[in-house]
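Here's a quick briefing to read with the structure open beside you.

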Amino acid sequence: MAADVLIVLAKAVLAMTWTLLLALFLTWVERKESAVMQDRIGANRASIFGLRLFGLFQPFADAIKMFFKEDFVPSFARKPLHWLAPAVSFFCVSVTMIAVPFGDAIRLFGRRIPLQVADLDAAVLFVLAMLGLGVYGILTGGWASANRFGLIGSLRGAAQLISYEVALGLSLVGLIMVFPSLRLSRIVEYQGGLLFGVLPKWGIFLQPLGFAVFFLAGLAETKRVPFDLPEGESEIIGFYTEYSGLKFGLFMFTDFLEVIVFAALAATLFFGGWQVPWLGDGGFVFPWGGRIAAAPWAVTVLRVLSFNLKVLFFCWLQILVRWTYPRLRYDQVMDLGWKVLVPAGAFNILATGLVLAVR
Amino acid sequence: MGSAWTVIKEILRGSAITARHFFVNMTFHTLRLFGLRTARRGAVTVQYPEEAKPLGPRHRSLHRLRPRPDGRPSCVACMLCVTVCPSECLTVEAAEDPDPEVQKVPARFVVDLNRCCFCGLCVEACPVDAIRMDTGEIRLAALDRKALEVRLDKP
Amino acid sequence: MSAPKTVRLTIDGRAVEADAGTNVLRAAEKAGIAIPHFCFHPGLDVEGSCRMCLVEIEGLPKLELACSTVVREGLAVRTTTERVRRARRDVLEFLLAEHPLDCPICDKAGECRLQDYYDLHGRHPGRMLEPRESRAKKVPIGRGLILDRERCVLCTRCVRFLRQVTGTGELGVFERALRSEIGIFDGTPVDNRYAGNLVDICPVGAITSEDFRFRTRAWFLTRRPSICPHCSRGCAVSVESRAGYPLAEGERRVYRIAARENPAVNGFWMCDLGREGRRDIEAGRLSVPLRQGRPDPGLSWTEAAGEAAAAIGRIPAGERGEKTAVVLNGRLTCEELARARASFVDGLGCRNIFFADSRPGRADGPLLTAERTPNLRGAVAAGFSPRLPDLGELAAARVLLVFGSRLAEHHGGPELARALSGGPRTFLFAAHAGPLDGLAEMAVPVAVPAEKSGTYINIDGLAQAFDRSLEPAPGGPAEGAVLEALARGLGLDRGGGDGR
């Protein structure tokens, strides 16, 4: 019993560490990727004893800066809520990672340990709910600042997130119809099969329209650039106008966490999670004949690596999107959400149901 | 429907352009990292303090007074530069020179870089081509305003 | 004086009326038609040596000199024909053939006739291939004047001035033709108190003054009219100052004082003492208010005036006239003196009113008078009979108001100290520092004449109003304002004062 608790604790700590380190790393990736896209070099001056490492220490420099900046709270702000808002945001987003499987199970000391913090029955609903709760961070942040611009920004954000929550939910219904489970571990396992004997049975191949809706709605959920209306850092004033120092840093960090969570969900739900194409428990079995045997530890390593690579790819893709497109106008955001994504999601459910019924 | 397709096409094209830049630049960055010097570089950035772009031939930098053959400034303290200066940053005090062919020399020639806007009108106004802005000195920051009042008549 | 006879003539087709006996150049100038000239000066005899003022006169075959042609009835003059213009350009070319390109270092640049005329009438490229004649460029000719023979155009204005106006004749033209040059006769430099005028009348930069040389450029200066306060002649002067930026350490406020034309008083001239007045405006000024001899920047003149009035107010009403002594001076304007009279004589019944001024000097030449103070006539006109202060009477007073710093010139410092210590409460309002500063309870700086407006009555009884030609230093009011504040403090102000 105690061992179980310890194992869960260790997994939780590991998952959290992985996420936070990746988020820290992402701040650097964001700077460098945008620079390379724009023929620049990007931050490369931060160094430790002259060791620069392409500016890899920049996140630490940023963190130190954030720590030592003045934490300014307006005298008219509601102070407890002002404190609470970034914490709520951060908590709601980071806690979703417990439901994500990083790999299949490993065997240690005679125990089967799934590489997943908690294999929840209704993991998909849990994830959607937690992402939805993130809105409260935004709302309380904007409201507690007692700043009109902050409040308007947070209302904009809330409206946007709730709109896209609908599309996000609809896009997953089709998936759940195909993989009849709400457990993420089960969904990943389902994706280990083959489609037409050749293609891996990934969500993207079964639910292409569902993925399109999911991807766009997910982008909007992260409130990053094409959909950054709540924040609008360059022109319009957003919900964290009155935040500075560490609390502002937490909001920003949450942004990167959302990117990771979204990437992990996309990988898990539509790209086979930790599955490697044609890799079974015993090794590769190729549909055109031939097999490569692999030791169980090698299989586990390959699967964890596969999941990580998929997550990194989606992080990269999101940053690419963020540095490519200009911000949508507010009415365009609403149009896209309600007039395109929601009908498309509904149509996807209908089509999936028809296909399932006919077959 | 046609217009929707155009929109999607354009959206994808945008991503393709930025992605192409990313991969092409990344390739050259990687080649460079492994010691392969290519003619093309991954970035157009000039790492300023280590490498400096050459200044243009007409670039206006810190002023100097052109010396006479004997080393003294060739300025005759006519104050035309003071007259023309739009930021009123020049102060010239004249003094008598024992040489009757020279007569007037600057006793003090101060340019106040706090005020100077580097328009170069003083250079154009000078009748004896004494003041020029071709030192190439562009690092003119200082922690003290007094340090930005540069005396040009004494090195 | 009978009205002068006038003649009618036409200049450039315009009907012009001119006094009989004047020349065409003056007549044209009066009509607003400028004829370029170097050697002609309205204060000197006509010389006709520069040939710049050539004009066309109907009926005469050649061009004539506008300066030496006396106006006649029906004369038709043309100043803008092609012939005249060519003549001007050719004369300028001859003059400039030997003129150095000194403008950047020449003090005259900006107010130089040669420069102006080249711009208006010359604009020809140089055609001289031969090297320029080189001449002495720095010849001291006495009294701080420096002659540059390269720049000289031999108009002989200086020679004529010294012969006709001062009668001293120190300068002459030596050698002949191409080698002609201005010079002093062996070892006798220019030495008279009007030599400063040579700089004013030189049309080019040939004669410059050491005092002004290389200090600034003419175009930086602001010229404002004023009246010279250094003798009782009251010459019209222009105070040439440079206000505001850039004021380096030791830079002057007033660069020079030059003569201004006033036919009723000084003609075109002024004496060197008046030019030296530049120093009187800047040097030796009382700059910070003093309290018991110690600098007190917080002491304002209003406070000092109020304190003085309060001190007088504390004397029993019947004794105020007896126990108050006032020392005025001849630099106060008529308005200020009238106010002083109204306050002290009419208001307080004060009989101890004295005048302390610079000691008289020696009268010299046509302008400089022996009296070195501008407005003693004004004092008389205001009803005072100026008399020198008597130390005994000063010591007997309980409150002593002193205007001006000249009291110490008449009584030695120790004497004054003995008389004033323990005696009256002394309030000093002076523009200049002096031995009296330490003896007064409060000493407040006030304006010099150039910094205030008013009226002076000169030695001939001519009243001349003048306006301030310099902005006074902050906290340095005109005495008129002090007197007004005093009157108000004494309860004598009946309103209507204009603060001068």
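A:Lys247 counts as buried, with a relative accessibility of 3% (buried is under 20% relative accessible area, exposed over 50%, partly exposed in between, with a 1.4 Å probe and protein chains only). This is a predicted model, where local features need pLDDT of at least 70, side-chain atom pairs count only at pLDDT 80 or more, and totals for chains, interfaces and linings use all residues. Residues are numbered from 1 along each chain as its sequence is written, chains are lettered from A and ligands numbered from 1 in the order in which they are written, and side-chain values use heavy atoms, leaving out hydrogens and water.

**Salt bridges in chain A**
- The partner of A:Lys247 is A:Asp71: their side chains form a salt bridge at 3.9 Å, N to O (that is, a side-chain nitrogen of Lys or Arg within 4 Å of a carboxyl oxygen of Asp or Glu).
- A:Asp71 sits in the loop between helix H2 (58-68) and helix H3 (79-94), while A:Lys247 is in helix H9 (residues 245-270), so this pair ties together parts that are 176 residues apart in sequence. Helices (H or I, at least four residues) and strands (E, at least two) are DSSP runs, numbered from the N terminus.
- A:Asp71 is partly exposed, at 30% relative accessibility.

**Salt bridges in chain C**
- C:Arg223 and C:Glu111 pair up at 2.8 Å, N to O.
- Here C:Arg223 belongs to strand E11 (residues 222-227) and C:Glu111 to the loop between helix H2 (82-97) and helix H3 (113-122) of chain C, so the bridge joins parts 112 residues apart in sequence.
- C:Arg223 is partly exposed at 39%, and C:Glu111 is partly exposed at 26%.
- C:Glu29 and C:Arg26 also make a salt bridge, at 3.7 Å, N to O; they are three residues apart in helix H1 (residues 24-30) of chain C, so about one helical turn separates them.
- A network of salt bridges links C:Asp102, C:Lys137, C:Asp148, C:Glu150 and C:Arg151.
- Over all chains, the count comes to 72 salt bridges.

**A nonpolar patch**
- A nonpolar surface patch of about 960 Å² includes A:Phe25, A:Leu309, B:Leu33 and B:Phe34. Patch residues have over 30% relative accessible area and no salt bridge, with like charges joined within 9 Å and nonpolar side chains (Val, Leu, Ile, Met, Phe, Trp, Tyr) within 5 Å.
- Helix H10 (residues 296-322) of chain A gives the largest share, three residues.
- A:Leu309 lies in that helix, H10 of chain A, and is exposed at 55%.

Notes: Accessible areas come from the Shrake-Rupley method with a 1.4 Å probe; for residues, only the protein chains shown count as cover.
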